[in-house]
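Visitor: I would like to go through some labels on this model and test each against its cut-off. Shall we take them one at a time?

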Amino acid sequence: MERLKKLKRMVLYAGLGKSDFRRIRKDLTEDNKRSLVFCSALSCVFMAVLFVLSFFLEAAREKRWLYLGVMCAIAVVYLVARYGHLKEKGVYFCIYILWSIYMAMGIYLGAVATPDQYAVTYVALVLAVPLLFSDMPIRIGIFIGFYAVAFIVCSIFFESPAVRSADIVHAILFSTISVIVSYNAQKIRFQRHLLAYQMRVLSETDLLTGIRNRNAFETAKKRYTDHCTSSVSCVYIDANGLHELNNEEGHHRGDEMLRLIADSLYKQFGIENVYRIGGDEFVAFAVDEDLSSVEQKSDEIRRTIEEQGYFISVGIERQTADVLDIDALVRHAEEKMYDDKTRYYASRGDQRERISFPQD
């Protein structure tokens, strides 16, 4: 059973676990999309050069319309990849279309257009093409196997007997080599992406609370500007009395308070939208959500924390998409948090803790 699980991880995820593969899928897709745009653009230029040369070179003249057709097909892939809003399935669909164009050209040139010559072009493409992008090894293996069978069929029907047997053997041999080489290439790429993901998580995660830290906050601010359609709300929270709690009951109690605040924020706003940006300061964002809903969630967070004997100050600010300025949004939410903190300490008769927001 253990061997079967290991084999499954190899053919599906190049040795990674399923959960690790899911973590890197987004990065793989982004990497593949960049490679797709680059490879399709470069291929278009290469085919255009061959098309132009076909007017001057006798050997290329017969393939002129092949070059033009391939160039146009790849140009369509390039335009879709470059300007289309492709998600994961769309990116991989375009990748396999591009691969298929390459392999179909290799089969035509190797087995149909030059039936009395060895299929050098096909061999070169079957070795090189699967290395251009990253995908699950089993899908790449199926792709290579499919076009190996297609080449063998075309070889049987079109090639001269003098080269047919050798080309069929070469197709089987080099397709097998391609599967092995591409598997190892995918394994290296997957491990590299996983390592990059782990390093990013470490650099963007607050180790005490498990939510995202200041680094992640600074990186993610632009994302909210880009992805909101109507509004963004900011909830700014500060832990009241953390310093006194640490001094009187120990830092473990202060840590419990911070973890409780982080957990409450996470449950209400999601792990991707919650940040610990200072020792006792937290920020959460809500995209395209009614202010009443955000206020209700904030009240629920306050109740949850007060039930455990802790207290927080909260500031909420909302801006519409047409005037959105994330830095100003956070600053205004912070100002309202300070107002709430002042009211809190005033209600306790503690004048020492009244805080006024620092001026720019």
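Visitor: Which helix gives the largest share of the nonpolar patch?
Guide: H1 does, with four residues. Helices here are DSSP runs of H or I, at least four residues, and strands are runs of E, at least two, numbered from the N terminus. Helix H1 (2-13) and helix H7 (137-158) each supply at least two patch residues. The model is predicted: local features need pLDDT of at least 70, side-chain atom pairs need 80 or more, and totals for chains, interfaces and linings use all residues. Numbering starts from 1 along each chain as its sequence is written, and side-chain values use heavy atoms, without hydrogens or water.

Visitor: What makes the nonpolar surface patch?
Guide: Met1, Leu4, Leu7, Met10, Val11, Ile138 and Ile142 make about 680 Å² of it. Patch residues have over 30% relative accessible area and no salt bridge; nonpolar side chains (Val, Leu, Ile, Met, Phe, Trp, Tyr) are joined within 5 Å, like charges within 9 Å. A salt bridge puts a side-chain nitrogen of Lys or Arg within 4 Å of a carboxyl oxygen of Asp or Glu. Areas come from the Shrake-Rupley method with a 1.4 Å probe, and for residues only the protein chains shown count as cover.

Visitor: Why does Ile142 count as exposed?
Guide: Exposed means over 50% relative accessible area, buried under 20%, partly exposed in between (1.4 Å probe, protein chains only). Ile142, in helix H7, has 57%, so it counts as exposed.

Visitor: How many aromatic pairs are there?
Guide: The whole structure has 17. Rings of Phe, Tyr and Trp (its six-membered ring) pair if their centres lie within 6.5 Å; planes under 30 degrees apart are stacked, over 60 edge-to-face, the rest tilted.

Visitor: Why is the pair of Tyr275 and Phe285 called edge-to-face?
Guide: The centres are 6.2 Å apart and the planes stand at 70 degrees, so the label is edge-to-face. Tyr275 sits in strand E2 (residues 274-276) and Phe285 in strand E3 (residues 281-287), 10 residues apart. Both are buried.

Visitor: Why is the pair of Tyr344 and Tyr345 edge-to-face?
Guide: With centres 4.9 Å apart and planes at 75 degrees, the pair is edge-to-face. Tyr344 is buried at 16%, and Tyr345 is buried at 6%.
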